[in-house]
Structure formats: C-alpha cells, structure tokens
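Student: I would like to learn how to read side-chain contacts in a model of this kind. Could we begin with the terms and then turn to the cases?

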Amino acid sequence: MAARLLAAALAAASASACMVGPDFQGATPPPVTRYTREGLRDPGVSAEDRRGGAIGQSFAQGRDVPGEWWTLFRSKALNSLVTEALARNPTLEAAQASLRAARATTEAQRGALFPQVAFGAQSSYNKAAGGDLQSPLNDNSLIYSLVTPQVTVSFVPDVFGGTRRALEAQAAQAEGQLWQLEAAYLTLSANVVAAAIQEASLRAQIAATEKVIQAQTELLTLITKQQNAGQVAGADVVQQAALLAQSQQLLPPLQRALAQQRNLLTALAGRFPSEEVSQTFTLASLHLPRTLPVSLPSRLIEQRPDVKAAEAAVHAASAQVGVAVANRLPQFTISGSVGASATNFAALLNPAASLWTVAGAVAQPLFDAGTLFRRQQAAEETLVAAQAQYRATVITAYQNVADALRALQADGRAVAAANAAVKASQQSVELVRKQFGLGAVSSASLLITQSAYLQAVVSQAQAQANQYADTAALFQALGGGWWNRRDVKPGREPKDPAPFL
C-alpha cells in the first residue's frame, strides 16, 4: 500500500512539473557577409615581385579549414613536433581531466531527478528504567534487544523545474569545458607553429648577421693594409672597427633569443629544458601555403572554440535564472519507509512486526528580507553580463580574422620590398667597395652602405617570418579546423561496475 501511494504521488508530481525561467535559444550568426569593409581580395604580389623571390598567396573563400592545418607548411619536423606536443603537453592533460570532471559532475547532478532509496538497519541491546517505573521482581524484564531494518525512499519532485534548470546549467558548464579543451588544442598547436617560425626567423637573422660580420672583418683587414701602405688615414680604420663591433653586438641577443626559443619549443612539447627537442627549423625548411581557406563569416561563430565557450556560459547563466525563480516557489518533498521492528531476528518474520510510513511536506518562504528576490536579480544581471561578453567575444573573433587578412595582404608586398632592398643594398656594397679600393669614395660612404645592407638582410628575414606567422594566425583565427581533426583522445569510461549506486 505504501509503495502504491508513493508511486501515485511521484506520477502526479511528474505530470504537473513545469520549468520556470527563460528557455535558452542558440546564437544566430551576426548579419555580416564580409570580414573587411570591401570584398575578400588576394594579397597583391606582382609578377615582378615573384621573380624577385616573393611568394604569392590566394584566398579560397568558403573552403573548409583542415583539422591538421599545420601540415600545409609541408615540414616533417613541424608535424612531428606538433604531434608530440599534443600527446605530452600537461596543459592538455589538465583540460581533459577538467572536462571529465565536469561531465561526471553533470551525471551526479542528474541523480536529483530520481527518488533516493536507502536501506538501514539498527540493532540495539537496551535496559529499561526500573524502580517505581517497572516491577522490580524480575530484573531480566528490564533488559531487551531491538532489531529494526527498513527501506527509506525520498523524492523531491521538480514541480517548477529548479532541479532541471540546475542540471541544465551544469551541462552547459560541462560543454564550456569541452570548448576550453578545444581552445587548448588550438592554442597549443598555434604556439608550436609560431615558435617554430620564430626560431626560423632568428636563425635567418643570425646567419645574415654572421655573414655581414665576416664581410666587415674582411674589409677591416683590407683597410688596415691600406693604412699600413699609407693609402688611408687611421680614422678610417677606427670607423670600420667601430662598425664591426656594433654588428658583433647584435649577435649575442639573437643567440640568446634563439636559445630561449628552443626552451619554449621544448616546454611546449612537455619536456624539461635539459631534454631539448631534436627538431630544428629554418625558413628554407618551411613552405608557405599558396592557397589559404577562408571560412564564410556566417560559420565563424560555430568554429571558434572561444565563441562556443562564451555561448555555453550564456546557456549556464540562463539556466541559473530558472533556478533562482524556482527557489522562490513552494518546495515539495515526498518520503516513505517500510520495514519491521522486533526484539529478535526471528520475530521480524511476524507480520505484526511490520511498519511503514508515507509523508509529504511543502515549504514556502514567507519572509527572507528579500534574499531570494535579490538572488534572482543577481542571476538575471549575470545573464546580461554573459550575453554582453558573448557579443564581445564574437566581435573579437571577426577582428582576429580581419587582422590576419589585412596582414597577409600586406606581407607579400613587404617581402617583395625586403628582397629588393637586399638585392639593391648588396649591389651597392659591392660597388662602393670597389670604388673605395680605387680611392673614388670615402670610408664614410662604405660604412653607410654596410649598415644599410645589414639592416636590409635582417628586415628580409623578419618580413618572411611575418608572412609565415600571419598565415598561421589566419588558421588560428578561423578556429583551427577542430571539427575535422581525428587526433583527439576519447574520454575515459568510468570503471565503477555500478555507477548508479
């Protein structure tokens, strides 16, 4: 009878349940059709610039971003290092564990929707009060045992949906952890690629500086011989020596930066600095992708992990409003128990020893000095803040893509100009050096052309590295193609053979 009553109460509570608070609606793409003010335009590199060594790139609008986008640089060393970083970096391991914890918490929260059944048993050995309360003729009658086993069922019907809203909020937070994991994957892979490009740039700058130092050293030897022969003054030797020393001063900072870049790559791969990675990178070992996929603007909010995480935060905040509203409404509790109580175990089989209880309770806050109302108000304002933060994240996402497109549109011209500057300055150094040997120009002209050449070769390496880095930045800004990736490890299944107990 107790079971039938409890089942009827649960069915009635479930049938009448509703959900208060706003229902979350997924985000809609912003009403924009372009990333920049004008239509998508390929980076401008003329045929003459290509002959000068500049690499032309083109945008493929609407093409999907590959999951392993870093392979477009066609570097086996880069591919292996990114794979190692994704497998060993502790940041990803922490993000994966956080996701599993959030999902487990969601499943734990789901248990509040079901009745809670528990078994309890109590066995006691007791002595009743004697004296005037009972007959003193038989002391044994004052001592007795009592055994009481019983099963208790309790249920809090979710009449107004507060429990389901709390579960919805927790599920949204778990979804946010999923996008945090995707963001960690994207950030790690982009950082590895950027660090590799920076290493290649530093190696190019070091090689160029060493080349200039070697040429300046040879020239200093020549000027010194001319001084010994009485052809030039001592001031010319001093000036050339000073220029050589200035060039040599540029080398240690570059070498230090290269060593620190190697440490960064090693750390990204999940290793200690003493276990330096074996992969090395030069600009010649990296191949610039010629065709760059550019997703449609309407798809960007579905591709960016940070935007999806912000949307999950809005979902969680929306559900918390429902929780706050439900807390202001009546709270119902249904409970029941069935068992037996007897002075020994054998007597428990006697039907007369059985007992059962069915109870219902309702609680409604009458006065709390506005506490629950203020909590609802705080939840509503938190939702407004989350919605504003989501809009800011979306704007930043589109800005990142637009910045990368603008940078790439300028990078081709910058590389072409840098190549032309190197070629012109190199010819100028050779020409002025010959003229200086013939006594046609002063040492000051030679010093100026040498300084210009050094600056030109360093700028060339930086311009080439910027083009590679901005290409990687575009892939990152478009979301990194996580939806096409196959290297994500599935979540571990729970090992508990009875996880619902």
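Tutor: Let us begin with burial: a residue is called buried under 20% relative accessible area, exposed over 50%, and partly exposed in between, with a 1.4 Å probe and protein chains only. This is a predicted model, in which local features need pLDDT of at least 70 and side-chain atom pairs count only at pLDDT 80 or more, while totals for chains, interfaces and linings use all residues. Residues are numbered from 1 along each chain as its sequence is written, and side-chain values use heavy atoms, with hydrogens and water left out.

Student: How many aromatic pairs are there by the rule for rings?

Tutor: Rings of Phe, Tyr and Trp (for Trp, its six-membered ring) pair if their centres lie within 6.5 Å, and planes under 30 degrees apart count as stacked, over 60 as edge-to-face and the rest as tilted. By this rule there are six aromatic pairs. One of them is stacked, Trp69 with Phe475, at 5.5 Å centre to centre and 20° between the planes. This pair links distant parts of the chain, 406 residues apart, since Trp69 is in the loop between strand S1 (58–61) and helix H3 (76–88) and Phe475 is in helix H10 (residues 443–477); helices (H or I, at least four residues) and strands (E, at least two) are DSSP runs numbered from the N terminus.

Student: Are Trp69 and Phe475 buried or exposed?

Tutor: Both Trp69 and Phe475 are buried. Together with Trp70, the residues Trp69 and Phe475 form one aromatic cluster.

Student: What is a salt bridge, and how many does a search of the whole structure find?

Tutor: Side chains of opposite charge can pair when their charged atoms come close. The criterion is a side-chain nitrogen of Lys or Arg within 4 Å of a carboxyl oxygen of Asp or Glu, and the search finds 14 salt bridges. Among them, Glu199 and Arg262 meet at 3.1 Å, N to O, and this pair links distant parts of the chain, with Glu199 in helix H5 (residues 162–228) and Arg262 in helix H6 (residues 234–268), 63 residues apart.

Student: Which other salt bridge involves Arg262, and which network results from shared partners?

Tutor: The side chain of Glu276 also meets Arg262 in a salt bridge, at 3.1 Å, N to O. Salt bridges that share partners join Glu199, Arg203, Arg262 and Glu276 into one network. Within it, Glu199 is buried at a relative accessible area of 0%, and Arg262 is buried at 5%, whereas Glu276 is partly exposed at 43%.
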